[in-house]
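Please examine the sequence and the model shown below.

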Amino acid sequence: MYCVRNITEDLYWIGGNDRRLALFENIHPIPRGVSYNSYLLLDKKTVLFDTVDWSICRSFLENIKHVLNGRTLDYMVINHMEPDHAACIEEIILRYPDVKVICTEKAAMLMHQFGFDIDDGRQTQVKEGDMMSFGKHKVVFVAAPMVHWPEAMVTYDTTDGVLFAADAFGSFGALDGKLFNDEVNFDRDWIDDARRYYTNIVGKYGPHVQTLLKKAGGLDIKYICPLHGPVWRNDFGYLLEKYDKWSRYEPEEKGVMIVYASMYGNTEAAANDLATRLVKKGMTNVVMYDVSQTHVSYLISETFKYSHVVLASVTYNLNIYPPMLTYLADMKALNLQKRTFALIENGSWAPQSGKLIHEFLDGMKEMTILDKEVSLNSAMKEDDQSVFDDLADSIIESMK
Ligand code: FEO
């Protein structure tokens, strides 16, 4: 059975949701599922904008058939070749053998690599600024390399102000019938998943996102149609401000995120002590995460959000505790910058996680490490209270 929605009079959302997939890209948990968005324009020519993941191919094909209502499909625009959007290209070609494919040169290369051999006569390669008319609708193609793959582009419909945004402005989370941003409480129900999607999927490529934001700033946008999550038709300032902050690696909030690595609860107790001192001193925007209990994608997302990070880590095999090391490595891989860190190390005979974490952070861009580093032997004692008090003061002072 089909399930579609109108975006404008002649543009339809024909995507779908996957609530069964546990791990997006086989790595990021998606307890709220994910949507794969695809769009179909009915003009003098019919135009499909991207396909969907293989998991929902059948309902996607039913949606196309319903919207086309007997017409043939003339064009398929491929903005992004990652298989969560491009898996059904071959199915479309089999069912609509006259369809012409519009994509970048790099996307054509990737199509070949993924095994979709599309002959030259059926393919139009486009580049930055190329335009095409489908009847009433004229579109311009805008290169968006590394948002999130090198072949990516976005397509702007100049007639209705629709930006087909590929991976930009997307979110984890399935659509519960509510397609548009003004049909949901985005700031309450979606922002955490949108941030986790952005930071983990596109976060590494901040400068490229900045380039795209500058290009988008010159367009009269009335709809943003991403490949995941809600379609935006108002309140663009809210979304653009978030993207601007995330892609410049600026924190959203002044606050303290405490991430602790604790084997028997002693490092956790020290982290609790510090959190309590911070709150008693007036810094109430404090969150705590057990690095062993929290998937790293959530840690990354929260690290993009907060200005200050306390890393409290036990020493393990004379090294950094492995889940903490994974978190740090992911932070570095995603190019995170501009955060202030405080360090607490623990160890029963050779505590050195603090020194090692310090060295790790020194290898990253624009990270500040507060001077007051705390070293514990097995557990926090009465004697350590003043050191912890100084550490809390130092964190609060650095926020001024
Ligand atoms: Fe949702 Fe980069 O693909």
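Y316 is found in strand β19, which spans residues 306-316; strands (E, at least two residues) and helices (H or I, at least four residues) are DSSP runs, numbered from the N terminus. This is a predicted model, in which local features need pLDDT of at least 70 and side-chain atom pairs count only at pLDDT 80 or more, while totals for chains, interfaces and linings use all residues. Residues are numbered from 1 along each chain as its sequence is written, and side-chain values use heavy atoms, with hydrogens and water left out.

With a relative accessible area of 33%, Y316 is partly exposed, a class between buried (under 20%) and exposed (over 50%), taken with a 1.4 Å probe and protein chains only.

Elsewhere, an open sheet of mixed pairing is formed by 7 strands in the order β1-β2-β7-β8-β9-β10-β11; two strands pair if DSSP finds at least two bridges between them. Because β1 (5-8) and β11 (123-125) stand at the edges with a single partner strand each, one side of each is left without a neighbour in the sheet. From one strand to the next, the twist averages 25 degrees; angles run from 0 to 180 degrees between N-to-C directions, and axes are lines fitted to C-alpha atoms, for helices over the stretch in contact.

Within this sheet, strands β8 (residues 46-49) and β9 (residues 75-77) run parallel and are joined by 3 bridges. L48 stands opposite M76 in β9. Helix α4 (residues 105-113) packs on the sheet and touches β10 (100-103) and β11, where contact means heavy atoms within 4.5 Å. The direction of helix α4 makes about 120 degrees with that of β10.
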